[in-house]
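Have the sequence and the 3D view open, and look up each residue as it comes along.

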Amino acid sequence: MASDSDVLESERSVTSKGGSSAHAELAAQWARINARLQSAVGEVNYRAWMRHMSLGGVDGDEVAVQLPTAFMRDWVRDHYGDTLRAAWRAENPAIRHVDIRIGHSTDAAEEVFAAAPEPTSPNSVPHHDDRAEPRHDPLGALDARYTFASFVVGKPNEFAYACARRVAEQPACKGFNPLFLYGGVGLGKTHLMLAIAWELNCHNGGTPAVSVAYMSAEKFMYRFIAALRSQSTMDFKEELRSVDVLMIDDLQFLTGKESTQEEFFHTFNALVEAGKQIVVSADKSPSDLSGLEDRLRTRLGCGMVADLHATTFELRMSILGAKAADARVEVPDRVMEFLAHKITGNVRELEGALNRLIGHAELFDQPITLETTQDVLRDLLKAHDRRVTIDEIQRRVCEHYKIRATDMASPRRARNIARPRQVAMYLAKLLTSRSLPEIGRRFGNRDHTTVMHAVARIGELMERDPVFAEEVDLLRQMLEA
Ligand code: ADP
Ligand code: MG
């Protein structure tokens, strides 16, 4: 659960630089630079390397850009140093030097500026959210399940969480309007938006009630079309423009729907001009939402843009712990670890799996064990296995070492080819359920002992050479992502 100290921690980091406009300006520049880089180097490279960057700080005409490991620093410096410098110069001519160095973003506020969208999951059809209708009536109708207190905070979502808290405390505060939350399906965007609404409606501690309208973009479009049909668009506009906070969920639904976008844009501008708060969510960053009109995209990106990253093992464990405690059900640690390892997609799936286990345990009046878990969730787990294919591994490894795809199967034994091939075999053993002979066949019909040797050799090298270990580990992470 988000304890008060968590909240304070994250909030301090957002405002640590005084929430000053200089900081906000720099942050905005950094966000734009990231958007530029993304189109300059392509989505895949950006996601693999540059999204790990964070802003270290500015000193005179020098800006520091940080990467978490030596390997990543070198990689970015060697491959993208010029691009990065050019992007900075284009954005801020006062910057003359870009220092690319090792460092972790201690300031959560900066994480977001290194934000890139998560890969959208295959079933990311725009889903309809009935959880909340546009409402001006405080209390009652809002769902008490979606509050800040029930939102589990971890590294991947702490910045988005802090921004949402901030907006709930002080709607329309400078630098946070509009608040644009984005991330893959089921990572908590709707939860955070409803938490803002809940907070504003329930806990505004004596201040005059704030009117909040929340609706999905789909609903927005539906309402707009209905208003057009009944010639009551004026009423619709009036209604929207009378609120203090307007939240539109799943904005990607409006891509390509020009007249609705147009209407949203006008409402949006009118509200911002009147000092009202806008909160928007989408599955991609403003710069990546293709099919959005440019001026709308620009306006959306000029407040605060916060990314909900894919969950980590730690976050999944905390969420399971919190949900199990909530349901007052005993779930053994081993089961939680198993679930957190296996169900890595999004929180909704994780929740679904846990609910199924709990339901099953209650129905049959049995304790939850690892065995029952594997049994009850068999279909789900099967779908999650076999994620990475040998093809993908080979492709990624070739890309990384800049060798040809055919080198994976060729008999050539030159070190600069043989080593990457061994890395690919090692990863194939690690990440797929293929047997050694099967793996051997996919690498130019090699013998299973060759694969065995490769696996052992890479393991050895990784132990001896931490930079190499980091490199292989990074490849693994990229494949697993
Ligand atoms: P999105 O809108 O991003 O698709 P939702 O907000 O609908 O995702 O989240 C999916 C489900 O997962 C919801 O039931 C939500 O309460 C839950 N959830 C997501 N993130 C968290 C979190 N950090 N802590 C607790 N529950 C979460
Ligand atoms: Mg949602």
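Predicted model: local features only at pLDDT ≥ 70, side-chain atom pairs only at ≥ 80, totals over all residues.

Residues are numbered from 1 along each chain as its sequence is written, chains are lettered from A and ligands numbered from 1 in the order in which they are written, and side-chain values use heavy atoms, with hydrogens and water left out.

**Around the ligand**

| Residue | Atom in the residue | Distance to an oxygen atom of ligand 1 |
|---|---|---|
| G188 | backbone N or O | 3.1 Å |
| R348 | polar side-chain atom | 2.7 Å |

Taken alone, ligand 1 exposes 550 Å², and the protein buries 97% of that. Such accessible areas come from the Shrake-Rupley method with a 1.4 Å probe.

**The whole chain**

Now zoom out. The protein chain has 21 helices and 8 strands; these are DSSP runs, with at least four residues (H or I) for a helix and at least two (E) for a strand. Of its 481 residues, 51% count as buried, which means under 20% relative accessible area, while exposed is over 50% and partly exposed is in between. The accessible surface of the chain comes to about 22,500 Å², and 51% of that belongs to carbon and sulfur atoms.

Contacts here are heavy atoms within 4.5 Å. Among the chain's contacts with a separation of 6 or more, 75% are between residues 24 or more positions apart. R47 sits in helix α3 (residues 43-48) and is partly exposed, at 26% relative accessible area.

**The nonpolar cores**

In soluble globular proteins, nonpolar side chains tend to be buried together. A nonpolar core here is a set of buried Ala, Val, Leu, Ile, Met, Phe, Trp, Tyr and Cys residues joined through side-chain atoms within 4.5 Å. The largest has 32 residues, and F148, L179, L181, L192, I196, M247 and V279 have the most contacts inside it. Elements that give it two or more residues include α7 (189-202), β4 (179-183) and β6 (245-249). Another core, of 29 residues, lies apart from it, with F180, M215, L240 and L254 among them.

Most residues other than glycine have a negative phi, and most peptide bonds are trans. N177 and P178 are joined by a cis peptide bond, with omega about -5 degrees, and P178 is in the loop between α6 and β4. K402 is not a glycine, but its phi is positive, near 55 degrees. At 60% relative accessibility, K402 counts as exposed. N445 isn't a glycine either and has a positive phi of about 55 degrees; N445 lies in the loop between α19 (436-442) and α20 (448-464).

Terms used: Buried < 20%, exposed > 50% of the residue type's maximum accessible area, 1.4 Å probe, protein only. Polar contact = N/O pair within 3.5 Å; in protein donor to acceptor, adjacent residues only side chain to side chain.
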